[in-house]
Amino acid sequence: MIRLLKHDLPASLVVFLVAVPLSLGVAMASGAPLAAGLMAAIVGGIVAGALGGSPAVVSGPATGLTLVVADLIQTYGWRATCMITLLAGVLQLVLGVFKAARAALAVSPAVVHGLLAGVGVVIALSQLHVVLGGSPQRSALANLVELPTQIAQKHTHAVVIGVLTIGVLAVWTRLPKRIRVVPAPLPALIVAAVVAAVCGWDVARVDLSGGLGAWAFPVLPQGDWHKIVAAVMLVALLSAVESLLCSVAVDGMHSGRRADLDQELMGQGVANVVAGALGGLPVAGAIVRSTANVATGARSRWSAILHGVWVLLFLCGFAWTIKLIPSAALAALLVFIGVQMVNLGHIRKVHGHGEVPVYLVTMCSVILLGLAEGVLAGLGLAALLALRRLTWVTVRVKQERDGRFHAMISGSLTFLGVPRLTRELRAIPAGAAVDLDLNIDFMDNGAFEAIHSWRLDHERLGGTVDIDELHDEWYAMSASGSRMFPAKTPPRAPDRWWLPWAHRGRRPQRLAVPSQGGTAEVECQLTAGAREFHRRTAPLVRPIFSQLARKQQPSHLFITCADSRVVPSLITASGPGDLFTVRNIGNLVPRKGSSDDSVVAAIEYATQVLSVRTITVCGHSGCGAMAGLLSAGVKAGSLPGLRRWLRHGHHSLARFIEEEWDGDPLDVLCRVNVRQQLDNLLTYTKIREQVEAGKLELAGLYFDIGAARVHMLSSTLSVKI
């Protein structure tokens, strides 16, 4: 109750002030009784608010159906239009029961935005004639043609009222926020009514046509039943789409419970049944009211329900005040609203997705042909553009520095892309060596025949074509006559450079090498990897290597084991030029005075020429060299060079024996060995001096292969990174 009084009650009053003038305006633009607009606001607030699936959406007369309702009234009459609204509500209720709400969201937003913009232009053009003291024509085109004549004619006080109303609407948005709490339409109409009354101008005023007392039961429309069914479906679907899109948009404005779209559709259906039975306009979720509802702090559906109650009380007790409003003021309000329906934010949004043509075609078709025709035109163009995107293929051909041509084909290969495909491929010179990458998720027979014919022709003229399929092997399966995939294959994660060759699904490159019988083909994965590097990675890293070609400036000397499972750049997330790396069996650092100069030379060059700031020794779990030390050289077998090298690890073994340890002996020795090699570094005078002067830092790392975890080692313990 406290939340209701604190948040929902004030919000409902603000929405009520927005709803009354907008409801009157929509009814006036539709050619319906003005009371029908208020009735739709009452039913939308109370019924749709109570039964709908969104706690923040406020429903009212459907702005997007203004032109449809106007056409239905002229064709079938008002009471029959109410029956069409009722039947449309029944259809919405059935769709909601069968969980079809999500399907309504399949309509392109560009079509919806174009529809609303077209409706806004039509409303603005028709009501502008009323502001100028004339009468609106039957079509938007006729209104546009007659507009210059209407402007040139002599006008009455109605024009002043209209201009004054638009002026108040425009200025109100620039006033301080505490004043703008009152919605702009209300003060605009009040100012227009007061000025007309004070000045004593004889202007036409709004006719409420009896309010609630003029109700009559809806009647079945007479005429071609096909057109009647189409009208019911049009009203049902357009109001459903408008409501559901409004629900989705409002969900992004608040942090409360998300909308249940199927429940929202059923709530709108019941509301339209009630609105049609009581003589109201079709009901839909209204974005203007819903935005005002959220902005003023509404927390539950009680705000929408109470707003409907206030409209009902207003219609019952204060309907007489509506008769004080000049018709020109209400028409000016509609002109202002119609112009605002051409939303620049919507245009920018659809432009970012390449859907401006759909927006413009829908808007122009609604203006020139009609609402149903405009929607169909927009949906048709949106479907064609979607089909074009789904079947679009990109072909990029470039010549590498070694003279080879690299062609990349991406997308869905269908017969529609064959002309562009063949044009690009046949531009490659005859006899050239070509690397053809196919990154495709579908290939039909026409596309396969085009590629295969080009390949045969190119090879017949002395060229070579190496085809590499990055996704699924559509070309290979077609060429071998195997069964094709039944449909497009879903995308998969791109290859990662750090994956082992065996995990990438790459066939090794076969090379011809001399043999006793002539030549033989051997597998060379390194060559295949180098070619893959040239095709994909080299273009990306070439600028970096161009800079590194002049001089190397590594910041770390990284001493680690030659074990193939240890990849320094992977476990340290380093790149080209970061690490000056030394790899040997057991990541050993011979002490000063030993006979081995290889590691010493690297240390001297790194510290005195390259001026590295850090020396890191990195060991790893399951090290074979440490296992050899634990076995006293037995596991080294008949490898004299390895046995001699492992003598540099005797100090590590002695330290291991002296320390108290608990756990796997090999794992402990691997860690002890890292710390001992850091001590071995300090046997070199230059290293010790730089460390003591703070110019050089020594660090130990331990890579747990099974856990893929790197530990930082101090002199006595390890720390997880």
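Ser-365 touches Gly-370, Glu-373, Gly-374 and Ala-377, leaving aside residues up to four places away in sequence; a contact here means heavy atoms within 4.5 Å. This is a predicted model, in which local features need pLDDT of at least 70 and side-chain atom pairs count only at pLDDT 80 or more, while totals for chains, interfaces and linings use all residues. Residues are numbered from 1 along each chain as its sequence is written, and side-chain values use heavy atoms, with hydrogens and water left out.

Now follow another helix, α14 (residues 327–340). Its 14 residues reach 20 Å from first C-alpha to last, close to the 20 Å expected at 1.5 Å a residue, where the expected span is 1.5 Å times one less than the number of residues. Of those 14 residues, 10 are buried, so α14 is largely enclosed by the rest of the structure. Among the buried ones are Leu-330, Leu-333, Leu-334 and Val-335, along with Gly-338.

Next come the aromatic rings. A search of the whole structure finds two aromatic pairs; rings of Phe, Tyr and Trp (its six-membered ring) pair if their centres lie within 6.5 Å, and planes under 30 degrees apart count as stacked, over 60 as edge-to-face and the rest as tilted. The rings of Phe-16 and Phe-314 have centres 6.1 Å apart and planes at 65°, so this pair is edge-to-face. Because Phe-16 lies in helix α1 (residues 2–30) and Phe-314 in helix α13 (residues 302–317), the pair ties together parts that are 298 residues apart in sequence. Both Phe-16 and Phe-314 are buried.

Stepping back to the whole chain, there are 28 helices and 14 strands. Of its 721 residues, 47% count as buried. Among contacts in the chain with a separation of 6 or more, 72% come from residues 24 or more positions apart. The accessible surface of the chain is about 35600 Å², and 62% of that belongs to carbon and sulfur atoms; areas come from the Shrake-Rupley method with a 1.4 Å probe, and for residues only the protein chains shown count as cover.

Conventions: Helices (H or I, at least four residues) and strands (E, at least two) are DSSP runs, numbered from the N terminus. Buried means under 20% relative accessible area, exposed over 50%, partly exposed in between (1.4 Å probe, protein chains only).
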